[in-house]
Amino acid sequence: MATSADTDAIVAALTTAFFDDPMWGPAFPDVGRRAEQAAGLWRLLAGSALRHPWTLVTEHVEAAALWIPPGASELAAEEESDLETFLVELTDRPTADGILRIFELLGDAQPSEPHFYLSLLATHDDHRGRGLGMGLLTENLARIDALGEPAYLESCNPANNARYERAGFTTLDTVTLDTGHVVTTMWRPARPARSDRPTP
C-alpha cells in the first residue's frame with residue numbers, strides 16, 4: 001500500500017506512462033509543457049487517492065494502481081469544486097475545458113452498481129516490459145476478490161484491452177470523446193467467496 005512518501009514516484013510513473021497515451025497525450029496539446037502540466041493533474045489525483053487505503057504500488061514504486069473503493073469519490077469535495085480553476089491555472093482555458101469534458105463523459109459512463117474503480121494504472125517507462133503493471137493488477141484483483149466486490153476500469157488505449165480481458169474484465173461499453181477517440185469501459189464481476197471447507 002502506498003503512502004504519501006511514494007507520491008513523487010507515483011507521479012513520475014504516471015507522467016512517463018501517459019505521455020504518449022492516445023487519450024491523455026492529446027489532452028495536453030502543448031507537447032513542450034505536457035509532462036509538467038500532466039504531472040500537476042497526476043499529483044492531484046494521486047494525492048487525493050491516498051485518502052483511501054487502495055493506492056497500491058510495486059516494491060520500488062515502478063508501477064502504481066490508484067483504486068477508488070465502492071461508494072468513495074475520486075476527488076475530495078473541495079478538490080472537485082476547485083478542479084476547473086486548478087486546471088485553467090495549470091494549463092489554459094481550452095485545455096482545461098477538454099480535460100473537464102473527458103472527466104464528464106467518463107463519469108457519466110460509470111456503472112451505478114457499487115464497485116472498485118481503477119482510476120489509473122501505470123508503469124514507469126524505465127521499467128516497462130517486465131510485467132510489473134499487470135502483476136500488480138493481478139495482486140490487486142485478488143484483494144478485491146477476497147472482499148467479493150466487482151471492479152471497473154476505462155481502457156483508453158485499445159492495445160491494453162486484451163491484457164485486461166486476460167485479467168477477467170469484459171467490455172461493458174464504449175465512450176466516444178469529442179476528439180473521436182474511443183474509450184472502452186470494462187467490468188469484472190465479483191468473484192464468489194472461496195471456502196476451504198469440503199462440500200457436504
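The legends below describe several close-up views of a predicted model.

**View 1**
For residues 26–191, an unreviewed UniProt entry lists "domain: N-acetyltransferase".

Helix 1 runs over residues 7–17, and its buried residues are Thr-7, Ile-10, Val-11, Ala-13, Leu-14 and Thr-15.

**View 1. The packing of helix 1 against helix 3.**
Two packed helices are described by the angle between their axes and the distance between the axes. For helix 1 and helix 3, the angle is about 130° and the axes are 9 Å apart, which means that helix 1 is oblique to helix 3. Their crossing is right-handed. On the side of helix 1, the residues that take part are Thr-7, Asp-8, Ile-10, Val-11, Leu-14 and Thr-15, and they meet Ala-35, Ala-39, Trp-42, Arg-43 and Ala-46 in helix 3. Sorted by class, the residues of this contact between helix 1 and helix 3 comprise seven nonpolar, two polar and two charged ones.

**View 2. The packing of helix 3 against helix 4.**
Helix 3 and helix 4 pack with an angle of about 165° between them, and their axes are 11 Å apart. Angles over 145 degrees count as roughly antiparallel, and helix 3 and helix 4 are therefore roughly antiparallel to each other. The crossing in which helix 3 passes helix 4 is right-handed. Helix 3 contributes Arg-33, Gln-37, Gly-40, Leu-41, Leu-44 and Ser-48 to the contact, while helix 4 contributes Glu-79, Leu-83, Phe-86, Leu-87 and Leu-90. In this contact of helix 3 with helix 4, six residues are nonpolar, three are polar and two are charged.

**View 3. The packing of helix 4 against helix 5.**
Helix 4 covers residues 77–90 and helix 5 covers residues 93–109, and the two pack at an angle of about 140° with their axes 8 Å apart. Helix 4 is therefore oblique to helix 5. The two helices cross in a right-handed way. Leu-83, Glu-84, Leu-87 and Val-88 are the residues of helix 4 that meet helix 5, where their partners are Arg-93, Ala-96, Ile-99, Leu-100 and Phe-103. The residues of this contact between helix 4 and helix 5 include seven nonpolar and two charged ones, but no polar ones.

**View 4. Two glutamates of helix 4, Glu-79 and Glu-80.**
Glu-79 lies in helix 4, and Glu-80 lies in helix 4 as well. Glu-79 counts as partly exposed because its relative accessibility is 25%, and Glu-80 is also partly exposed, with a relative accessible area of 48%. When residues up to four places away in sequence are not counted, Glu-79 touches Leu-44, Ser-48 and Arg-51. The C-alpha atoms of Glu-79 and Ala-96, which are 17 residues apart along the chain, are separated by 15 Å. For Glu-80 and Leu-136, which are 56 residues apart along the chain, the separation of the C-alpha atoms is 28 Å.

**View 5. Val-61 in the loop between strand 1 and strand 2.**
Val-61 lies in the loop that joins strand 1 and strand 2. Most residues other than glycine have a negative phi, whereas Val-61, although it is not a glycine, has a positive phi of about 60°. Buried means under 20% relative accessible area, and Val-61 counts as buried because its relative accessibility is 11%.

**View 6. Pro-70 in the loop between strand 2 and helix 4.**
Pro-70 is placed in the loop between strand 2 and helix 4. With a relative accessible area of 29%, Pro-70 is partly exposed. Leaving aside neighbours within four places in sequence, Pro-70 is in contact with Pro-114, His-115, Phe-116 and Glu-149. Pro-70 and Glu-113 are 43 residues apart along the chain, and their C-alpha atoms are separated by 8.8 Å.

Terms used. Residues are numbered from 1 along each chain as its sequence is written. This is a predicted model: local features need pLDDT of at least 70, side-chain atom pairs count only at pLDDT 80 or more; totals for chains, interfaces and linings use all residues. Side-chain values use heavy atoms; hydrogens and water are left out. Buried means under 20% relative accessible area, exposed over 50%, partly exposed in between (1.4 Å probe, protein chains only). Helices (H or I, at least four residues) and strands (E, at least two) are DSSP runs, numbered from the N terminus. Axes are lines fitted to C-alpha atoms, for helices over the stretch in contact, and angles run from 0 to 180 degrees between N-to-C directions. Angles under 35 degrees count as roughly parallel, over 145 as roughly antiparallel, 65 to 115 as roughly perpendicular and the rest as oblique. A crossing is left-handed if the near helix is turned anticlockwise from the far one by less than a right angle, and right-handed if clockwise. Contact means heavy atoms within 4.5 Å. Ala, Val, Leu, Ile, Met, Phe, Trp, Tyr, Cys and Pro count as nonpolar, Asp, Glu, Lys and Arg as charged, and the others, Gly among them, as polar. UniProt positions are given in the numbering used here, feature names are shortened, and annotations may be inferred rather than shown by experiment.
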